[in-house]
Amino acid sequence: SEEKSLNFIEEIVETDLKEGKYDKIVTRFPPEPNGFLHIGHASSICLNFGLTQTFNGYTNLRFDDTNPITEDTVYVEAIKKDIKWLGFKWENEFYASDYFDILYGFAVKLIENGLAYVDELNSEDMATLKGTPTEAGKNSPFRDRSVAENLDLFTRMKNGEFEDGSRTLRAKIDMAHVNMIMRDPIIYRIKHAKHHRTGDKWCIYPMYDFAHGQSDAIEHVTHSICTLEFIPHRDLYNFLIAQLEIYPSKQYEFARKNLNYTVTSKRKLLQLVNEKHVTGWDDPRMPTISGLRRRGFTPSSIRNFCNRTGIAKRENLIEFSLLEFFIREDLNKTSWRRMAVLDPIKMVITNYPEGQEEMLHGENNPEVEGHDGERQIPFSRELWIEREDFMEEPPKKFFRLGPGLMSRLKNAYIVRCDDFVKDAEGDVTEIHCTYFPESKSGEDTSGLKVKGTMHWVSVKHAKTAEVRLYDRLFTAEEPDREEGDFKDYLNPESLVVLKNAYIEPDLANAPQQLEENPDRRYQFIRKGYFCVDADSTPDNLVFNRTVTLKDTWAK
Ligand code: ATP
Ligand code: MG
Ligand code: MG
């Protein structure tokens, strides 16, 4: 691995270890199972798991499943799959819901110590009494109940005697605290809802603030890393741990990583799925791990992106093109080069005998020693070439084909364009060329010099495929900061489907090649990097473009 300087959290950990505060560190990645993981989560995963790989220790996967309404085992499974795919192994698989009994006991302890009470204010009145950042709040009329009365009411809350919203358990701290979160925060609420793991056992559920830090402590998490919006919660985190006299986990905050031209919020991504703006959580246009995987991104490209864009103390917006930089870097080293014509026009080589054909060969990957082997490419009199590679009136420096121009056919021969055919509408339908037999790639004795190289596919041997080209999902850099709804800024051209692309015959083996090697990816020469899509059937091969060869996003 390469030398890199430590980020600020790594520095904290290094110092803690040097000073002997811990002999090993424990971190956790704590997703709420209410959606699929996105690129922002990948950043948190790389940070949490990366820390315990760099330093002595381990990382737990903890599902923060304290809200029964939005959570589902489907998400649990998807999250586990994504973390594994990213290349990380958790030490323990834990669930906050497994701690419900312990957490209930913690709440009872607070009540017994005069540090919690059952409130009957509705949410509006509670908000009014909370005050403002510049104005102290006021005590609830229910604040001074006796311990016995609180214990009785809390038990009855647990037993299901009360309706949702009619009672809450609040920590008794200080209604004049400068930190609004310390003004008697709610720690338990009533929700008569089935939980994805505990079923109907509970009808009261702990709030985030009364589950997260406590779960960290139960697991002896040393460094509990979260995002900046939890800074104001740190006081409460420390207060509760101190009052409960449990393991003193410490909270550290870093900035969320956001990508431009997309949204990274599970709630918004769920809207895109539910309202069918995309085909699912794993739509290749989604910034989810599963979407990026289906699009053809590799685990290492995502890890490199996360690690090399660093860990910041301020919210920042990162260019999507940077993610593309890392996948290009990866795929350039590993992908097999192939030829596919996306927008075909026919070329006839008039001096190549009718009925004749020959097998040429092309290296799989010029970037590696031995070229990763080679494949056979059939060549014949009629070829498909890319429509944009011919111009009737080419400008200067057009190094492909036009009347009188010469170009090299990749892995084959040099051809010269002599003529072309138009249909009644004036559209070019056929290009006529002659080829130079002594210019064959690898054994060229023609002495001809040409600047351009073009890809092609033999008409007789071509297979067809569906090719899906993707563009940014939104037209605005920060769709959720624009006026109106973020969905108003969806890019109507984020997906272009080419139903009838021509591919060289070896590409028809792509599904088998993927089975042999799940990392198998292709560079369609001059067109970008592609992978086989899960929608492929024996009759309809589908390729996704992962990324173009060059950055086409530059402003
Ligand atoms: P969302 O708003 O997408 O629901 P969340 O923070 O509520 O995000 P969690 O499931 O609670 O989602 O996240 C698990 C962990 O991932 C948390 O520690 C959270 O701070 C972190 N995380 C979430 N989004 C980002 C992001 N954009 N950048 C970095 N870390 C993130
Ligand atoms: Mg969260
Ligand atoms: Mg959330």
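This is a predicted model: local features need pLDDT of at least 70, side-chain atom pairs count only at pLDDT 80 or more; totals for chains, interfaces and linings use all residues.
Reader: What makes β2 and β3 count as paired strands?

Author: Two strands pair if at least two bridges are found between them, and strand β2, residues 57-63, is joined to β3 in the parallel sense over three bridges, so the pair meets that cut-off. The bridge partner of F63 in β3 is Y95.

Reader: Why are β1 and β3 said to stand at the edges of the sheet?

Author: The order in this open sheet of three strands is β1-β2-β3, with parallel pairing. Because β1 (25-29) and β3 (93-95) each have a single partner strand, one side of each is left without a neighbour in the sheet. On average, neighbouring strands of this sheet are turned by 35° against each other, direction ignored.

Reader: Which residues come nearest to ligand 1, and which elements give two or more residues to the shell around it?

Author: The residues around ligand 1 number 16, and P31, G40, S44, R256 and K266 come nearest. Two or more residues each are given to this shell by α2 (39-54), β8 (223-227) and β10 (257-259), and α2 gives the most, with four residues.

Reader: What classes of residue make up the shell around ligand 1?

Author: By class, the shell around ligand 1 holds eight polar, five charged and three nonpolar residues.

Terms used. Residues are numbered from 1 along each chain as its sequence is written. Chains are lettered from A and ligands numbered from 1 in the order in which they are written. A residue is near a molecule or strand if its C-beta atom, placed from the backbone, lies within 6 Å of it. Ala, Val, Leu, Ile, Met, Phe, Trp, Tyr, Cys and Pro count as nonpolar, Asp, Glu, Lys and Arg as charged, and the others, Gly among them, as polar. Axes are lines fitted to C-alpha atoms, for helices over the stretch in contact, and angles run from 0 to 180 degrees between N-to-C directions.
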